[in-house]
Amino acid sequence: MTDSKNPETTVLHAGYRSDETTGAVAVPIYQTTSYQFQGTEHAANLFSLKELGNIYTRIMNPTCDVLEKRVAALEGGVAALAVASGQAASAFAIQNLAKAGDNIVSSTNLYGGTWNLFANTLKDQGIEVRFADPSDPANFERLIDDKTRAFYAETLPNPKLEVFPIAEVATIGRKHGIPLIMDNTAAPVLCRPFDHGAAVIVYSTTKYIGGHGTTIGGLLVDGGNFDWEAAGERQPALNTPDPSYHGAVWSEAVKPLGPIAYIIKARVTLQRDLGAALSPFNAFQIIQGLETLPLRIREHSKNAAAVADYLSEHPAVSRVIHPSVQDGENRSRADTYLKNGYGGLVGFELSGGLEAGRAFIDALKLFYHVANIGDARSLAIHPATTTHSQLTPEDQFASGVTPGYVRLSVGIEHIDDIIADLRQALDAATGTGSARHAAE
Ligand code: PLP
């Protein structure tokens, strides 16, 4: 265990020192479904939450527990819940507060899968998602009514890569008893949303936290910094009796255990009933990634900034999207909320539009053409025909996807090799190489 606040130390030491029985230093994979109770009283205490402890791996597991504790420590939160994917984390984060008839207000700048979840699946479940343009934080306040239960946004949303005004929107929310849920998938370590007033963080650990493209996973982290009780009627899910748990009122029932009402409720109701459990093996893989996350995210950011510079100078590129080349309000938000780097994602548009974008992707040799981000390897994709293809052209435009947009997730290979691959693919797609040779 460690009290260090430095992320490099936290990710290696928080939540686990060594195995009590074997002394194992690497976190063991507790590949078990269930746990022997010490007696009937112990079992009854666990089920009634008088005592916290292992019951059944759908709800908790010691390997997942280390991952949960480490990421909670990294974020300055109080507790976390590991789930099977980032999608499950986003869905749970909202379903934990909103039921049919309620609404949330979300930023328009979202990952395509989250957009679908919000615009279609949650809608079918009776939860309305109202979309606010985050360039003006006041847009969130304009959409509130007495059924609004949460605000939702991504810290560094791709493809627009315009950093979200976390403190501005969190402050509006707190005035109304509304928590801000931040998807921090693209900016772990670089941003700590709880420091700026967010109440809940969600992650797709599939991306930078796992970091090696091996494992789908997700996390919800509770900041323990939101007064659910004071929010009163605004937050009925935590302040009215829950018939699925003997009428427990979560904001009161969990008080003796600390400010963890939100995350306990998610674990013992949603995870119990919907069962999006993360397997212990997957938790182990994600922990391996987490242990080098601070190092990797710095390298991703450094390489991405160099790529953004290179592309900005290229004659066939009409627009580059990365916080390092932004100015005005977007740059000042990036500088307020991101520390030690602007992240590993870079977007750009070729003057040749859709056809040039496709030809560029087909010509890449080092970069993989995949639907993922945050792998140690460099990745590329054309969002309009893949990740965002299920959106209407208007919705694509609202989330920042234009027909010629190419998204890069810049890896941690040597920067010279990354640039060399981009150069040869741009030459192949646009003929700029031969033009340059002719001029030289
Ligand atoms: N949030 C963001 C920002 C993402 O990029 C993704 C996946 O691409 C998700 C959530 C969903 O995560 P997962 O694929 O682990 O379900």
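1. Strands here are DSSP runs of E with at least two residues, while helices are runs of H or I with at least four residues, and both are numbered from the N terminus. The model is predicted, so local features need pLDDT of at least 70 and side-chain atom pairs count only at pLDDT 80 or more, whereas totals for chains, interfaces and linings use all residues. Residues are numbered from 1 along each chain as its sequence is written, and side-chain values use heavy atoms, with hydrogens and water left out.

2. Strands β10 and β11 (residues 379-381) run parallel and are joined by two bridges; two strands are said to pair if DSSP finds at least two bridges between them. As background, strands of a sheet pair through backbone hydrogen bonds, either parallel or antiparallel.

3. Both strands belong to an open sheet of five strands with mixed pairing, in the order β8-β9-β12-β11-β10. Its edge strands, β8 (317-321) and β10 (368-369), each pair on one side only.

4. Helix α15 (residues 353-363) lies across β9 (345-350), β10, β11 and β12 (405-409), and runs at about 130 degrees to β9. Contact means heavy atoms within 4.5 Å, and the axes are lines fitted to C-alpha atoms, for helices over the stretch in contact, with angles running from 0 to 180 degrees between N-to-C directions.

5. Turning to side chains, the whole structure holds 17 salt bridges, each being a side-chain nitrogen of Lys or Arg within 4 Å of a carboxyl oxygen of Asp or Glu. One of them joins Arg-149 and Asp-102 at 3.2 Å, N to O. Because Arg-149 lies in strand β4 (residues 148-154) and Asp-102 in the loop between α4 (86-95) and β2 (103-107), the pair ties together parts that are 47 residues apart in sequence. Arg-149 and Asp-102 are both buried, where buried means under 20% relative accessible area, exposed means over 50%, and partly exposed lies in between (1.4 Å probe, protein chains only).

6. Glu-141 and Lys-175 form another salt bridge, with their closest N and O atoms 2.9 Å apart. This pair links distant parts of the chain, since Glu-141 sits in helix α6 (residues 138-142) and Lys-175 in helix α7 (residues 166-176), 34 residues apart. Glu-141 is partly exposed at a relative accessible area of 28%, and Lys-175 counts as exposed at 60% relative accessibility.

7. Arg-272 and Asp-273 meet through their side chains in a salt bridge of 2.6 Å, N to O, and Arg-272 is partly exposed, with a relative accessible area of 23%.
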